[in-house]
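Biologist: I'd like to go through this model with you and ask where its labels come from. Could you bring it up for both of us?

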Amino acid sequence: MAQLDVSTKSKMELVDITAQVQKVVRESGVRSGVCYIFVPHTTAGLVINENWDPSVGQDIVSQLDKLVPRTGHYRHLEGNAPAHIKSSLVGASHFVPVEEGKLVLGTWQGVFLAEFDGPRHRHVVVKVIPD
Amino acid sequence: MAQLDVSTKSKMELVDITAQVQKVVRESGVRSGVCYIFVPHTTAGLVINENWDPSVGQDIVSQLDKLVPRTGHYRHLEGNAPAHIKSSLVGASHFVPVEEGKLVLGTWQGVFLAEFDGPRHRHVVVKVIPD
Amino acid sequence: MAQLDVSTKSKMELVDITAQVQKVVRESGVRSGVCYIFVPHTTAGLVINENWDPSVGQDIVSQLDKLVPRTGHYRHLEGNAPAHIKSSLVGASHFVPVEEGKLVLGTWQGVFLAEFDGPRHRHVVVKVIPD
C-alpha cells in the first residue's frame with residue numbers, strides 16, 4: 001500500500017494525481033491487475049474525468065457548489081456540511097484497471113483528488129493488486 | 001462472501017454498518033487486501049463518510065431529497081423513482097483497503113447503508129480478498 | 001481483460017449491458033471473485049440500478065439533466081461540460097461480486113452504460129479476478 005501526499009490550495013478544486021498514481025503502479029511491478037484509489041477523508045473525494053482542459057475540473061467543482069450551496073441550512077455545525085455531501089456524491093473509492101504496467105485510462109481521462117474543504121494536506125491511499 | 005442483514009427504520013436514513021463490515025474483515029483472517037461492499041438493491045446505496053456526528057448523515061440525506069424531490073414528475077409509476085435516482089448518485093459498489101486486518105478508514109470515516117425507500121430489510125454483500 | 005463495444009443512439013440514455021458483462025464472467029471461468037467494470041470515457045459513466053422497468057433509466061437520465069442543465073454557463077467551451085459533470089456524479093468505475101460463476105446482482109439490478117453525450121461508439125472495460 002502506498003500513500004500519496006497532496007496539498008490543496010483552494011477551498012474547492014480538482015488536483016490531478018494521475019502521474020503520482022501511475023508512479024505507484026510502475027513501482028509495484030504489477031503488469032496486469034487493478035489499481036485501487038481511496039481517499040481517507042470525509043470532505044474530499046475522487047473524480048476520474050478529463051485532465052486535458054482544466055476548465056472541465058472547474059466546471060465540475062462549480063456545478064457541485066450550485067447543487068450543494070455553502071450557504072444552505074445544514075444540521076452539522078462545523079460549517080463544512082456541504083463538503084461532506086459533495087464528497088458522498090463523487091465517492092471516496094475508485095479503481096482503474098492495469099494492463100502492461102499502466103493504468104488503463106481513456107485518452108482524456110485523469111485521476112483527481114476532489115477537494116471540497118481546503119486548503120489542506122490530504123492523503124490518498126493507492127494499492128495495486130495483480131490478477 | 002458474507003451477507004449483512006440491515007433493518008432500516010425510516011423512509012430515508014444512513015445506517016452505520018462499519019462495525020459489521022469490520023467484523024467480516026476480522027473473521028476473514030485477511031491481513032492485507034481489499035474489502036468489497038455491495039448493495040444488491042436499487043433504492044438503497046452506500047456512502048462512506050463521517051460517522052462521528054450523526055447530523056452529517058442527516059444533512060446528506062436531506063440534501064439528496066432536495067436535489068431529487070419525492071414529489072417530482074417521474075415516469076416510473078411505483079412512487080419510488082426518486083429513490084432509484086438517489087441510489088445511482090451515491091452508488092452501490094464501494095471498497096475499503098485492508099491493512100493489518102483492519103479497514104483503512106480515515107479517522108472520521110464510516111461505512112453506511114443509504115436507505116432511500118424504507119423502512120425495509122436490506123442486505124449488504126461483503127467480500128474480503130487478500131493481496 | 002475484455003472490452004465491450006456499445007453503440008449509443010441518443011444524446012443521453014442508459015444502455016443495459018448486463019448480459020454482455022455476464023458473458024465475460026462466464027467465459028472467464030471464474031467461479032468466485034470480483035467483476036470490475038470501467039468506462040474509459042469522460043462524458044459517459046456507469047450506473048447499477050433497475051433494469052426491469054425502462055422508465056427508471058429514463059428518470060435517472062432526466063433528473064441528471066435537470067440537476068446539470070445543458071444550457072448552463074460552463075467554462076469548458078466544447079459544449080459537453082454538462083456531460084463531464086454527469087459522468088463524475090455516477091462514476092466510471094464499479095464492481096459486482098461474482099459467485100458460482102455469476103454476477104451477484106439483486107433481483108431488479110442491471111449494469112448500464114450511462115451515455116451523456118451521444119450518440120457515439122463507446123467501450124467498456126471488464127475484468128474478472130478470482131478470489
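Biologist: What makes C:Ser88 part of a helix?

Modeller: Helices here are DSSP runs of H or I with at least four residues, strands are runs of E with at least two, and both are numbered from the N terminus. C:Ser88 lies in helix α3 of chain C, residues 81-90. This is a predicted model, so local features need pLDDT of at least 70 and side-chain atom pairs pLDDT 80 or more, while totals for chains, interfaces and linings use all residues. Residues are numbered from 1 along each chain as written, chains are lettered from A and ligands numbered from 1 in written order, and side-chain values use heavy atoms, without hydrogens and water.

Biologist: Why is C:Ser88 called buried?

Modeller: Its relative accessible area is 6%. Buried means under 20%, exposed over 50% and partly exposed in between, with a 1.4 Å probe and protein chains only, so C:Ser88 is buried.

Biologist: What does the side chain of C:Ser88 reach?

Modeller: The backbone oxygen of C:His84, at 3.0 Å. Leaving out residues up to four places away in sequence, C:Ser88 touches A:Val47, A:Asn49, A:Ile60 and A:Val90; contact means heavy atoms within 4.5 Å.

Biologist: How many residues does each side bring to the contact between chain A and chain C?

Modeller: Chain A gives 33 residues and chain C gives 29. Together they bury about 2,400 Å², with 62% of it on carbon and sulfur atoms. In chain A, the residues losing the most area to chain C are A:Asp59, A:Gln63 and A:Phe95, together 25% of what that side buries. Buried area is the accessible area (1.4 Å probe) that two parts lose on being put together, summed over both.

Biologist: And what about chain B and chain A?

Modeller: There, the buried area is about 2,400 Å², and carbon and sulfur atoms give 61%. B:Asp59, B:Gln63 and B:Phe95 lose the most area on the chain B side, together 24% of what it buries.

Biologist: Which classes of residue line the largest cavity?

Modeller: Nine nonpolar, 11 polar and no charged residues. Asp, Glu, Lys and Arg count as charged; Ala, Val, Leu, Ile, Met, Phe, Trp, Tyr, Cys and Pro as nonpolar; the others, Gly among them, as polar.

Methods
A polar contact is a pair of N or O atoms within 3.5 Å; within protein, one must be able to donate a hydrogen and the other to accept it, and residues adjacent in sequence count only if both atoms are side-chain atoms.
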